[in-house]
Amino acid sequence: MRYQSTRGGVSGLSFKEAVFMGLADDGGLLLPEKIPALAQSDIEALENLTYPELAFQIISRFAPDIPSSDLKDLIDRSYASFSHPEITPVVHRNGVYILELFHGPTLAFKDVALQFLGNLFEYLLRERGQKMNILGATSGDTGSAAIYGVRGKENINIFILHPQGKVSAVQERQMTTVPDSNVFNLAVQGTFDDAQAIVKDIFGDLELKRSLSLGAVNSINWARVLAQIVYYFYAWGRVRGETGCEKVCFSVPTGNFGDIFAGYMAKRMGLPVQKLILASNENNILTRFVNEGDYSLAGVVNTLSPSMDIQVASNFERYLFFLYGEDGRRVKDAMERFRKEGRLTFTSEELARVRADFLSHSAGREETLNTILDFHKDTGYVLDPHTAVGVRAGRELGGSEWPTICLATAHPAKFADAVREATGSDPERPSSLEGIEDRARRCETIPADIQAVRAYLEKHAC
Ligand SMILES: *Cc1c(COP(=O)(O)O)cnc(C)c1O
């Protein structure tokens, strides 16, 4: 199992090397050179495994350079932090299967990958005798999940920039009430784009990147996609156990194309998936791509599902690599064209191949609120606004032949304002949020200025 770049300039990497490289050195994203194909009998043998057993069966196929006993230990520790015994349970309400991915420490699906990535980084750094300073900007969920992934870990410090006063109260508290001394929160006096631009500029300074051993935790890291493949197999096993179905559909609330790309990997490995339903909010570039073959940039608008308020979906490049027949040159040319023109178009033959795997629906504000309200009235179950976008799209496109599994990407208490607007009452608060307002906060306010952030990093780097 070797890894290569989508742009053709890097190949032959081991899993460990791919995890450390993050973004490929040629600017592309890393992918396995060959995707392991599972026979139907192999897949059926996975049906009744526990989540950690299944995670080992999937991840070990992509990470042969980690000894089995070490990998098992990493996986066990990563999912011991989840509050549900099944890790990612599937619940059945009124014909809809909901894959609950929010039982991790920060109540959003990013924990599934970042709990694993934090432990993996710590393990690999110890082996190499190295240190790492993680730097990232967040508009909410990624920052808190990354902080919880590496809090208290050896040889890792983490610096997360968020726009001051512009993340939700729960998200701000989750990030800033972590007491571990390797966690540094910086409230930037500016917008998310300001914070993001500072992080990009710092990563662009290769000398600084090297001298501070800077590491990234965004979803360009292959290990994040890999950890997310597992729950597609898990959900399939649970639903098949209940219904005996041969195939399923998945509906996935999408922003960066990371989560749904993990589903596409599962399908390519042989999981019997009829369709992957790509659910977007008003920021619908990916829906226009699937439905019209038009991948063209528009401005980002603020919605009820802020973790999907993205236009340029970084993981889309991984999919393009397959759509373009694994031709790195073509991907490189296309990405350059996209950077210049803000647009890619596709032939009808390409579009037919896209639509063999994907369907897509974009749900606006009213549809999202109505879905939360109706689902609550009909079933008593409270959807968070991201999940509601997925449930809506699943209803629209899932059909009745196969069960549709909707990925629940956040706990409703994380986005209580939208839930209150839809249903008139607050969602129940899980115990991990009890008293979060009263805990001590650790956060530094900093101007939106690269020199100020750079000086802070140099002072506090490990
Ligand atoms: C990050 C996030 C998404 C989007 O996931 P992608 O991998 O970027 O497509 C959806 N819902 C929630 C709650 C998120 O935090």
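The shell around the ligand divides into five nonpolar, seven polar and three charged residues; here Ala, Val, Leu, Ile, Met, Phe, Trp, Tyr, Cys and Pro count as nonpolar, Asp, Glu, Lys and Arg as charged, and the others, Gly among them, as polar. The model is predicted: local features need pLDDT of at least 70 and side-chain atom pairs pLDDT 80 or more, while totals for chains, interfaces and linings use all residues. Residues are numbered from 1 along each chain as its sequence is written, and side-chain values use heavy atoms, with hydrogens and water left out.

In total, 15 residues surround the ligand, each with a heavy atom within 4 Å of it. The closest are K110, D141, G255, N256 and T409.

Which atoms of K110, D141 and G255 lie by an oxygen atom of the ligand? For K110, a side-chain N or O atom is 2.5 Å from a ligand oxygen. For D141, a polar side-chain atom lies 2.6 Å from a ligand oxygen, and for G255 a backbone N or O atom lies at 2.8 Å. A polar contact is a pair of N or O atoms within 3.5 Å. The protein buries 97% of the 390 Å² that the ligand exposes when taken alone, by the Shrake-Rupley method with a 1.4 Å probe.

I turn now to the sheet. Six strands form an open, mixed sheet in the order β3-β4-β14-β9-β10-β13; strands are DSSP runs of E, at least two residues long, and two strands pair if DSSP finds at least two bridges between them. The edge strands, β3 (90–93) and β13 (358–362), each pair on one side only.

Note on methods
Polar contact = N/O pair within 3.5 Å; in protein donor to acceptor, adjacent residues only side chain to side chain. Helix = DSSP H or I, 4+ residues; strand = E, 2+ residues; numbered from the N terminus.
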